[in-house]
Amino acid sequence: MGLKESVKSLKGIGEKKAAALERLGIFTVEDLLLFFPRNYEDRRNKASIREAVEGERTVIKGRIDTIMDDGYRRGGRQRLRLLISDGTGSLEVVFFNGKYLRRIFKRGDEYAFFGAVQSNFGKRQMVHPEFWKGDEEEEGILPVYPLTKGLSQREMRRWQKEAVSMASEAEEFLSEEIIRRNRLCGISYAIENIHFPGEKQRLLEARYRLIFDELLVMETGLEAVKKAGENKGKGIAFSRKADTEEYISSLAFPLTGAQRRCIEEISRDLEGEASMNRLLQGDVGSGKTAVAEAAIYKAVKSGFQAVMMAPTEILARQHFEGLKKAFEPFGMEVGFLSGSMKAAERRETLRGIKEGRIQVLTGTHAIIQPEVEFAALGLVITDEQHRFGVSQRIKLREKGENPNILVMTATPIPRTLAVVLYGDLDVSVIDELPAGRQKTVTRNLTPADRDKCYDFVKRQLEQGRQAYVVAPLIEESDSIEARSAQETAEELKKRFSGFNVALIHGAMKQSEKDEIMKSFYEGAADIMVATVVIEVGINVPNASVMVIENAERFGLAQLHQLRGRVGRGEYKSYCFLITEGSSQIALERGRIMESSGDGFFIAEEDMRLRGPGEIFGTRQHGLPDLRIADLARHMKILNRTAEEAGVIIQKDPQLSSDENRRLRERVVKLFGENISLDL
């Protein structure tokens, strides 16, 4: 048996268990070994019943003296109580969902229980402990894995223990020089001790090595993309005579200093010989579109075509209307392309693009289809870049002879992280909002304020405004205490019987979501109840209220993005955060949201307060999912691996040497279809 064999080669894994493991991305023994624990339980603390300290998680071994099913029911769940003893005293063990456990426990049997002892009306209890029977392997420092339906921690630990016995077969993929220079432990040692460390120092050594590995592989992939872009040959140089001032002077508003600075940075790139690869990052309402339009104007005046791709049809159509208004007065033809167009209209549009008659094109993913041919594509712009992968950007680039690339995002990311997320791009930041833009009034509320909040929403609707209501879940969950979008929509239909309440969530088809968003955009729906699918959406100037249920379940940056859906028109706008519980972090988030509308400040604060993954999901940004590294918490290691990756790619751009063969395999596997390295 080897690391490349199916997990079904391990004892106890049949078809059903293998199918469950596949849902976690585990197919081979090696995949299993690289599926790391999310945390650990320290079960080294053992005590007798008399010596056990209240509130401290402890292993207690005892004999079952009494089994009591007292008939108590709670939400369909049946309580089971055990009375155990160990010669020093007795302890009550309680399970609230104990129906199936009734068949397991028998009087006189000895079990070990792991949990916190507490006092309940003078009675010592342990509620919902972990338990096992005469199995010493369930003690020590034990890994806790993220699981899926059909798998248990005990099974996963047993399989991992068998797999770890083969860790010595793991191939070292870093050079001896990199290992020595960065004081890393060996890969086999790291794999063994990430799963079953035995002691804290071993765990720290293992985690450092595996975090380093993951970040080095990611950085090497990004460096390879950047190097490949540099080696594509000359880009398209736009004319210096194509001055953007003519376009800027046609605007009905003055540009901010930040907008002008970004236009100058982009113009310098466009006039240079190398192909532009630039990220335009700006907060909601900062005026990214005007900057992008200045670049489009320069492209067309230089004799080239420009294209802007958006993630949804309704957002693309909104861009189409804006671009037509901006460029038709200059005699430029603007086209639109999407998958839902009628065949005759599509054929005519494709002909116009190929002949060069259509100078500015906007649309959806339909733009990157093989049948779309440009006469002279010079500029490619993607809006809301975090919804596109690296591979899609490359497909767009291939539509022309090294066209210039501009990607835009309204997701506020600390600058240090932006450089990492978009490692193959230069970065321009619009860090200034236009004068006169109204600040959205933000209030952090408790569930007791919910009625008052919705009374206020009703008054806004009666004045002709519209409202968003965001819930963290699509439907109710037994395991998560939070309001669902479906539950909220049903409640609001009763509360707002005279108004039209629409529901949208991520499980819907894109065409269905577009249709619902269109109805809200056109004013046919008064309230949009949604999950975070509206985090990046269309511009609805009439929407003046955003209510976020269970605000404690969202990261700061995500709350700021949601708030950005309102305050886009002439009306004073409001954002209400209904926060359950009173944790310190939840209260701190509420205070920050109430006091600041600066997305970059909020992103930095999010980085300071966050738990793993709350700033952004790597998948959204076209990057691979990271299993153990955290881009915010491991910045020092990230910087170190960026240096190492730069040296590796400088020496071996294709990772074709024997020394880098296994590193290359890791890069391709980590990035999957999100990367095109020509490797």
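Contact means heavy atoms within 4.5 Å. Helices (H or I, at least four residues) and strands (E, at least two) are DSSP runs, numbered from the N terminus. The model is predicted: local features need pLDDT of at least 70, side-chain atom pairs count only at pLDDT 80 or more, and totals for chains, interfaces and linings use all residues. Residues are numbered from 1 along each chain as its sequence is written, and side-chain values use heavy atoms, without hydrogens or water.

**View A. Helix H8 and its cover.** H8 (residues 257–271) has 15 residues. From first C-alpha to last, H8 reaches 21 Å, close to the 21 Å expected at 1.5 Å a residue (1.5 Å times one less than the number of residues). Buried residues (under 20% relative accessible area, 1.4 Å probe, protein chains only) of H8 include Ala258, Cys262, Ile266 and Leu270. Their cover includes helices H7 (245–249) and H9 (288–301). It also includes strands E11 (277–282), E15 (377–382), E16 (404–409) and E17 (426–430).

**View B. Helices H10 and H16.** The axes of H10 (residues 313–327) and H16 (residues 510–521) come within 9 Å and cross at roughly 45°. Axes are lines fitted to C-alpha atoms over the stretch in contact, with angles from 0 to 180 degrees between N-to-C directions. Glu313, Ile314, Gln318 and Glu321 of H10 meet Asp514, Met517, Lys518 and Tyr521 of H16.

**View C. Helices H17 and H18.** H17 (residues 556–563) and H18 (residues 584–595) have axes that come within 11 Å and cross at roughly 40°. Leu556, Leu559, His560 and Arg563 of H17 make the contact with Arg589, Ile592 and Met593 of H18.

Notes. Buried means under 20% relative accessible area, exposed over 50%, partly exposed in between (1.4 Å probe, protein chains only).
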